[in-house]
Amino acid sequence: MSQIYLDNAATTSVRPEVVNEMIKVLTNDFGNPSSTYAVGRHSKALIESARKMIAQQFGVSSSEIIFTSCGTEGNNWIIRSCVRDLGVKRIITTRMEHHCTLYAVQQMAKEYGTQIDYVKVLENSEIDYEHLEELLQDEKPTLISLMHVNNEVGTVLDLRRVANLAQKYQALFHSDTVQSIGKTELPFDEIPVDFAVASAHKFHGPKGIGFVFIRKKNILKPLIVGGEQEKGLRAGTEAPHQVVGMAKALELSYLHLNNDRNKIVSLKEYCKSRLQETFDNIAFNGCDEAFYNVLNIRLPFSPEKAAMMLFQLDMKGIAVSRGSACQSGSQKPSHVLAEFLNENELQKPSLRVSFGHENTKEEIDYFIEVLKTV
Ligand code: PLP
């Protein structure tokens, strides 16, 4: 077998239709979208129709979608601007967020003295919703920043429940939806989140492009200043091929969602049961209701084996991850697993397998055969 890619939470392949759209734009539409003559106006029109298409997927208005370079930028921007420009004095979050949220929040404590309250995480990796409500009793201007789907263990936040709590206590609610946009329905016309964040490379689009959803009533100020692009909210010449590629990828993700999801759900079930019949004492980190494409496996191997495991899998052409991609080269225990596993459990090697619509049962069989030889 050649390459077996089981790390779709780190990034995804670009769909061929997306590549074709991007090539068309790169070939034909080089105009600067800010230029007022025809080639510029044409590039601008491509960007605006992509924005409209994206907004429609979530039932929101085009003016509420702003393009960024990636999920990291989106999360940083929202957190910083809420503190700097919207008067937020306290952020409620967890220690299980992606590092771009975790560090952005910590930075706000350093620079602005923002109070940080961490919601308790339960043994099954879900947040303690009652603790969240207790924290909200304190009437400070608050931003709740909680990710929708955890990138390492797939724990799913009840977005509606948190959005309703945020409304009840007049807090702002930002959700890092990088792992769920394009992979599940997100009707923002019904779920009252204030801010959401997307990154195209997680849903079979290009790298280097993302967007944020900012509900109309919240007036953020830019992180990057300069020209008037994106209504002055995100300066810098737009990249029409990236934007068009992202819109196409999102459109296809939602078009194929039911089929792809059914396929991935059954692949994950298959992988789980094959692992259980192959290894005694295998365990799965996180809760049973984890998001359908992520499986975090705790192997009954010694810690010494753990160090070499990824390398051995890589040698056999298998791409999986120990945690989030930015940490996969490090031997530090995952900050996510450390939140809810005990010392004993943390000693065991854990692997994150994340599936995509291109994976097959044969690939999973091969992965398990290789794992047996580790
Ligand atoms: N948030 C989550 C949950 C992620 O999984 C990632 C990427 O791994 C990011 C944010 C960062 O996104 P990007 O790679 O587009 O900067």
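Phe-58 is buried, and Phe-211 is likewise buried, where buried denotes under 20% relative accessible area, exposed over 50% and partly exposed the range in between, computed with a 1.4 Å probe on protein chains only. The model is a predicted one, in which local features need pLDDT of at least 70 and side-chain atom pairs count only at pLDDT 80 or more, whereas totals for chains, interfaces and linings use all residues. Residues are numbered from 1 along each chain as its sequence is written, and side-chain values rest on heavy atoms, with hydrogens and water left out.

The structure holds 6 aromatic pairs, a pair being two rings of Phe, Tyr or Trp (its six-membered ring) with centres within 6.5 Å, classed as stacked if the planes are under 30 degrees apart, edge-to-face if over 60 and tilted otherwise. Phe-58 and Phe-211 form a tilted pair, with 6.0 Å centre to centre and 50° between the planes. Because Phe-58 belongs to helix α2 (residues 38-58) and Phe-211 to strand β8 (residues 210-214), this pair ties together parts that are 153 residues apart in sequence; helices (H or I, at least four residues) and strands (E, at least two) are DSSP runs numbered from the N terminus. Phe-58 and Phe-211 also belong to a cluster, linked by ring pairs, that includes Phe-188, Phe-213 and Tyr-254.

A further tilted pair is formed by Phe-291 and Tyr-292, at 4.7 Å centre to centre and 40° between the planes. Phe-291 counts as buried at 7% relative accessibility, and Tyr-292 counts as buried at 14%.

Charges also sit over rings, a term that requires NZ of Lys or CZ of Arg within 6 Å of the ring centre and within 35 degrees of the ring normal. The charged end of Lys-272 sits over the ring of Phe-284, 5.3 Å from its centre, and Lys-361 lies over the face of Tyr-270, at 4.9 Å from the ring centre.

The structure holds 4 cavities of 30 Å³ or more, a cavity being a set of points, on a 1 Å grid over the protein atoms alone, where a 1.4 Å probe fits but cannot get out, with lining residues having an atom within 4 Å of a point. The largest cavity has a volume of about 160 Å³, a volume being the space filled by probe spheres set on the points. Its lining comprises 18 residues, of which Lys-183, His-204, Ile-264, Tyr-292 and His-357 lie nearest the centre, and helix α8 (residues 257-278) gives the most to this lining, with 3 residues.

Conventions
On a 1 Å grid over the protein atoms alone, a cavity is a set of points where a 1.4 Å probe fits but cannot get out, and a pocket is an open set with protein on both sides within 12 Å along at least five of seven lines; lining residues have an atom within 4 Å of a point.
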